[in-house]
Amino acid sequence: MTQRINLPEKLFDKTPYNIYQDEHFTVTTMQYDTGVAGLKISNNRGYIVILPFQGFMIWDAVFDQLSLKMASAFDKPYLGTQVTDTYGMFQFTSGVLASGTPSETDQHPLHGEYPMTKLDHIYLEFDQDNIIIGGENEYVKGFGYHYRTHNTVIMHAASALIDIGLKVTNLSNYQTMPLQYLNHLNYCYVNGATMSANVPENALKLRRSIPAHVKPTANWRAFNRELQASGEVIEVLDDGSRFDPEIVYMSTDLRPFVDRAVFKMSLPDGPTCVTAFSTKELPFVTRWLLHNPDQQVAAFAIPGTSHPDGHNAASQAGTLIHLAPGKTQSFTVTTGIGE
């Protein structure tokens, strides 16, 4: 029988406290010295840390003694109003009215309105072999949109894989709402890692546009010209200097290739990281590679409903979802270290 524990914000104190423990899981409430609340969920393979009142982002995921998250200037999460205020996390929700990098014609912030949202309600549900961490939030604006989100992360006993879920319900009585979502997974950069997938290599295309936050160098421009001429899809992390600034690939529609996409990053003399998802729910994927002294990330698979070029680009491409009043859209991504 599934049981539920509600977690009010007052439980999250600077002194860590184990609020639940059984033979498979330990759940600990905590608060960083920056004032950010954290929820640590552990099993015998490792742990994750969720920031339940800050976009429900996963700050860290550590399994088999390996932290899976990107390296950054942030050694801990910070309070803020936009995602760049604490950009060192393992995963965050990019969306939901708009997502990705805004163009000059877009009005939304970087990665949309959701990443730093303070959720209304946090809870735990657990049974013999699984534990669910859930969060719900209602968004409403006068003369604007009205929706409810339901975030979940499921951890399994004796497993280094987690399931990340999002449900979005349009609460308007008459108005269709735009919906755009990226499950933004920021994996660690490990030199020598090899990336692969169960889709054709030519499903990934090098990004040709240059977003405002990218400051090209002469060497970077030359490398991009080489990649464009050859059509090469980078699959081995063998020279980090080539990824400063970032190299980004974006897929074509994956639905014609597979029903369930599986992307992998095999670490040298180590485990294989896996990201898997339904292409019906998330038809596109982005690969983001960045390596400099301040940030190192090998986001080998960022699943999404569209490319990460902002609201207007998705609208023009026909990939923006129009969610009817009263309707719900659901997404699930499985990620972590493969069994």
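The model is predicted, so to be clear on its terms: local features need pLDDT of at least 70, side-chain atom pairs count only at pLDDT 80 or more, and totals for chains, interfaces and linings use all residues. Residues are numbered from 1 along each chain as its sequence is written, and side-chain values use heavy atoms, with hydrogens and water left out.

I begin with the ring pairs. Rings of Phe, Tyr and Trp (its six-membered ring) pair if their centres lie within 6.5 Å; planes under 30 degrees apart are stacked, over 60 edge-to-face, and the rest tilted. The count is eleven aromatic pairs. In one of them, Phe 12 and Phe 53 have ring centres 5.4 Å apart and planes at 90°, so this pair is edge-to-face. Phe 12 sits in the loop between β1 (3-6) and β2 (17-21), and Phe 53, 41 residues away, in the loop between β5 (46-51) and β6 (57-63). Strands here are DSSP runs (E, at least two residues), numbered from the N terminus.

Phe 12 is buried at 4%, and Phe 53 is buried at 11%.

Phe 263 and Phe 277 are stacked, at 6.2 Å between centres and 10° between planes. Phe 263 belongs to strand β18 (residues 260-266) and Phe 277 to strand β19 (residues 272-278), so the pair ties together parts 14 residues apart in sequence. Both Phe 263 and Phe 277 are buried.

Finally, ring pairs join Tyr 87, Phe 92 and Trp 288 into a cluster.

How values were computed. Helices (H or I, at least four residues) and strands (E, at least two) are DSSP runs, numbered from the N terminus. Buried means under 20% relative accessible area, exposed over 50%, partly exposed in between (1.4 Å probe, protein chains only).
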